[in-house]
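Visitor: I have this one open on my screen and would like to go through it. Please start with a term we will need.

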Number of protein chains: 2
Amino acid sequence: MWPQTTLLELFGTQLPIIQAPMAGANDSAMTIAVSQAGGLGSLPGAMLDQASLKRELRNITQATSKPFNVNFFCHQEPDLDPAAHKIWHAELQPLFDELGVTPPPPLTTSSRLPFDSTSCTIVETFRPRVVSFHFGLPKPELVERVRSAGCKIISSATTVEEALWLQSHGCDAIIAQGYEAGGHRGMFLSQDINTQPGIMALLPQVVDAVNVPVIAAGGIADGRGIAAAFALGAAGVQLGTAYLLTPEATISQLHRTALLQGKDNQTALTNVFSGKPARGIMNRMMREIGPMSNKAPSFPTAGDALVPLRKKAQAMGSADFGSLWSGQAGSLCRTLGAGELTEQLATEALHRLAALANNG
Amino acid sequence: MWPQTTLLELFGTQLPIIQAPMAGANDSAMTIAVSQAGGLGSLPGAMLDQASLKRELRNITQATSKPFNVNFFCHQEPDLDPAAHKIWHAELQPLFDELGVTPPPPLTTSSRLPFDSTSCTIVETFRPRVVSFHFGLPKPELVERVRSAGCKIISSATTVEEALWLQSHGCDAIIAQGYEAGGHRGMFLSQDINTQPGIMALLPQVVDAVNVPVIAAGGIADGRGIAAAFALGAAGVQLGTAYLLTPEATISQLHRTALLQGKDNQTALTNVFSGKPARGIMNRMMREIGPMSNKAPSFPTAGDALVPLRKKAQAMGSADFGSLWSGQAGSLCRTLGAGELTEQLATEALHRLAALANNG
């Protein structure tokens, strides 16, 4: 038995395991596999246009009647400031020269759109059991529309302050995202990465501060981590990196290879790939331009300038200029189907929990 | 019952709880209280001269026959480079001017000495059950002398690589020190703080890599954290910040006040107080000169230049220029005697472990 069942009741799932939505790294295939196995599969909506979002949601609802989650970003739209881009391009010019690629033209549109009325209409059509947000929450009227559609609303907090904000703005549960987590940090009330807490410290402080169920994220990739999260007071866990070696993950072979060589101390927070801090495996771009650069323009535009560098490097078999998102527990990843992995994680966690009371 | 008892056998203690040695923040009074309560009390030897070290060890052995730990630093002695100090003094000059204090003269000696043959002779006289080191280990001949004196040897690893190094160089147990930990990071094979893992990710990876018992440190301050550490595979825990509000702690009233206002996101790693990265509560010195400064001279000399600033500020009731060491779980600290706290932590952890298997 799970030590807490509030999340199972809230989400209608059998298992308190959420597969993290990973924009660019998973589509509906992973969502379906995880939800079918009893977890909460997630579809990342941040990089999908309307047609693609509808298609992916149709895939899910046709394949399973189990609960699932759709995730959206709610960042501020970038201003596409030409001066900021000039500074960034100047910083990258030696790399453009070295790789012999043409710098891309100035942006006229952004590659990742925040949640808006149009995406909300699609949510109202498909009515997923859970809608999760990253970088805070959308405007109150949009939150209200999502709630009225019958969806449970969750978002990520990287500090107690953010958790209290999310609770007071209508979240049904809160994801406590520790410093260890891969991909973009959900931080929205502060941009100071120096003071971001690890999950061991963050989780109990969030649990003490809020009344809603808390989901632990960051550095959790096996049954030991799941059991530890429950020990700290979590009602469930969200795992992303753990799913990156499943066949359902849509990452590149270069990314898989980097993960297979995974070490505990090979990742860092970087803003060079998007403009916002995100954790990935250290590569040349992070070492030479970052890992944090004050010349990177605002999210998500920093990454657009890197596209020709990444493509040229990839063609030569190098992952030097593309993001290799990973949390700090990448070495614990397993090459296994997403559904089977979900079941295995649950079994491991339950055994671990039982063993803790029975002298190992 | 504790899920693992290997550490209890190794140390001869009743409880798998180590009070972290905190140079400048605890003396023999805390060591005695914790050891008497069944934990492993620790005496920080790093800032004690020979006479003081002997006096403190005599205090302990006269007060208790229980096992205890003595800790030493094994950093490289600084070169007292005048050019480096000129750069650092220039960086601080506006603060010297503002506070109207005289910059101290160039150093002729270092305030913290690494473990050497003289300290080893004192260890051989008092033969504590455990000797712990920070920043790696001393020379092999000194390690061998400590072992021959019958002491168990432990040290801190901040990465799997450091854990493997410590195991192969003769450690009987390894402290996995997560990013969350207060005070100085034990890092010795790398100085890159960007890639330092949190304890949720670090601990299971260290446990998988080594054969000796692993002690979890960083962000643990109550029974939930201790239970979580066991869930992740630890054989015990080391807590420092949790003991800072005990009457036995020798910290300033300003430091206590800062801890009482503790928040999850108020600390950062900084090198401005010593020259090596250490976690403390953010204050003006960290904000304006750091938190990390490439102008800080080598450990431990960076702090000497700050002495007049700290004293002047303290006299005005300000903690702006002194180190306020704290881990990320400072808000979980309790104002309680060190012995009683040790017993309470153990009781809480055992209850938590039992509850995890029994459905909360």
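Guide: Two strands pair if DSSP finds at least two bridges between them. The model is predicted, and local features need pLDDT of at least 70, side-chain atom pairs count only at pLDDT 80 or more, while totals for chains, interfaces and linings use all residues. Residues are numbered from 1 along each chain as its sequence is written, and chains are lettered from A and ligands numbered from 1 in the order in which they are written.

Visitor: Which residue stands opposite Gly183(B) in β11(B)?

Guide: That is Arg279(B). Strand β11 (residues 278-281) of chain B pairs with β7(B) over two bridges, in the antiparallel sense. Strands here are DSSP runs of E with at least two residues, helices are runs of H or I with at least four, and both are numbered from the N terminus.

Visitor: What is the order of the three strands in that open sheet of chain B?

Guide: The order is β7-β11-β10, with antiparallel pairing. β7 (183-184) and β10 (267-270) of chain B are the edge strands, each pairing on one side only.

Visitor: And in chain A, what order does the open sheet have?

Guide: In chain A it reads β7-β11-β10, three strands with antiparallel pairing. β7 (183-184) and β10 of chain A each have a single partner strand, so one side of each has no neighbour in the sheet. Four bridges join β10(A) to β11 (residues 278-281) of chain A, and Thr267(A) has Ile281(A) as its bridge partner.

Visitor: Now the dimer. How many residues of chain A are in contact with chain B?

Guide: 54 residues of chain A contact 54 residues of chain B (C-beta atoms, placed from the backbone, within 7 Å). Among the elements that each supply at least two residues on the chain A side are α7 (160-168), α8 (199-209) and α13 (338-357). That side has 26 nonpolar, 21 polar and seven charged residues. Ala, Val, Leu, Ile, Met, Phe, Trp, Tyr, Cys and Pro count as nonpolar, Asp, Glu, Lys and Arg as charged, and the others, Gly among them, as polar.

Visitor: At what angle do α9(A) and α9(B) pack?

Guide: About 170 degrees, with their axes 8 Å apart. Axes are lines fitted to C-alpha atoms, for helices over the stretch in contact, and angles run from 0 to 180 degrees between N-to-C directions. The two helices are therefore roughly antiparallel (angles over 145 degrees; under 35 is roughly parallel, 65 to 115 roughly perpendicular and the rest oblique).

Visitor: Which residues in α9(A) meet α9(B)?

Guide: Arg224(A), Ala227(A), Ala228(A) and Ala231(A) meet Arg224(B), Ala227(B), Ala228(B) and Ala231(B).

Visitor: Last topic: which domains is chain A divided into?

Guide: Domain 1 (6-75 + 112-249 + 332-357) and domain 2 (79-110 + 263-325), with bounds from an automatic or database domain assignment. Their C-alpha centres lie 27 Å apart. The contact takes 10 residues from domain 1 and nine residues from domain 2 of chain A.

Conventions
Two residues are in contact if their C-beta atoms, placed from the backbone, lie within 7 Å.
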